[in-house]
Amino acid sequence: HYKCKNDAKIAIFDKNSSLSVVYKNSKNLPFRLIYNGSANEYICLEPQTSMANSPNSPFDRDFAGFNTVKPHKNNVFVSKILLKKGNKL
């Protein structure tokens, strides 16, 4: 489980093809849960609004990402997946 820097981007670089898959999310999705199953078939970079179990974490709520949605309100989340040559974000 990782917290992204301010740009909310994470990338995977494939050395064989010299391509990067860049996963860019809106800043209200600052955390990523990285899962790769058996480590040889796939990888999942799941964007999350908060760290796992954030309401019970010992961290400040601003850092842990804990938030709520008030009645009759909504949140908008944006994700973009880009394919780029090289390993630069």
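## Ser 20 and its strand

Ser 20 sits in strand β3, where a strand is a DSSP run of E with at least two residues, a helix is a run of H or I with at least four, and both are numbered from the N terminus. With a relative accessible area of 2%, Ser 20 counts as buried. Here buried means under 20% relative accessible area, exposed means over 50%, and partly exposed lies in between, using a 1.4 Å probe and protein chains only. A polar atom of the Ser 20 side chain lies 2.5 Å from the backbone oxygen of Gly 86.

Please keep in mind that this is a predicted model, in which local features need pLDDT of at least 70 and side-chain atom pairs count only at pLDDT 80 or more, while totals for chains, interfaces and linings use all residues. Residues are numbered from 1 along each chain as its sequence is written, and side-chain values use heavy atoms, leaving out hydrogens and water.

## The protein as a whole

Let us step back for a moment. The protein has one helix and six strands, and from the N terminus on its elements run β-β-β-β-β-α-β. Along the principal axes, the C-alpha atoms fill a box of roughly 45 × 25 × 20 Å. Of the 89 residues, 22% count as buried.

## The sheet with β2, β3 and β6

Which strand order does the open sheet that holds β3 follow? The order is β2-β3-β6, with antiparallel pairing; two strands pair if DSSP finds at least two bridges between them. β2 and β6 are the edge strands, each pairing on one side only. On average, neighbouring strands of this sheet are turned by 20° against each other, direction ignored. For such angles, axes are lines fitted to C-alpha atoms, for helices over the stretch in contact, and the values run from 0 to 180 degrees between N-to-C directions.

Six bridges link β2 and β3 in the antiparallel sense. Here we meet Ser 20 again, as the bridge partner in β3 of Phe 13.

## The sheet with β1, β4 and β5

Another open sheet has three strands in the order β1-β4-β5, again with antiparallel pairing. Its edge strands are β1 (2–3) and β5, and each pairs on one side only. β1 and β4 run antiparallel and are joined by two bridges. Tyr 2 stands opposite Arg 32 in β4.

Tyr 2 also belongs to a nonpolar surface patch with Ile 34 and Ile 43, and together they have about 290 Å² of accessible area. Patches take residues with over 30% relative accessible area and no salt bridge, joining like charges within 9 Å and nonpolar side chains (Val, Leu, Ile, Met, Phe, Trp, Tyr) within 5 Å. A salt bridge is a side-chain nitrogen of Lys or Arg within 4 Å of a carboxyl oxygen of Asp or Glu. The areas come from the Shrake-Rupley method with a 1.4 Å probe, and for residues only the protein chains shown count as cover. Ile 43 lies in the loop between β4 (31–35) and β5 (44–48), and at 44% relative accessibility this residue is partly exposed.

## Two loop residues with positive phi

Ser 18 is not a glycine, yet has a positive phi of about 60°. Ser 18 lies in the loop between β2 (9–14) and β3 (19–25). Is Ser 18 buried or partly exposed? With a relative accessible area of 38%, Ser 18 is partly exposed.

His 72, also a residue other than glycine, has a positive phi near 70°. Its place is the loop between α1 (61–64) and β6 (79–85), and His 72 is exposed, with a relative accessible area of 83%.

How values were computed
Polar contact = N/O pair within 3.5 Å; in protein donor to acceptor, adjacent residues only side chain to side chain.
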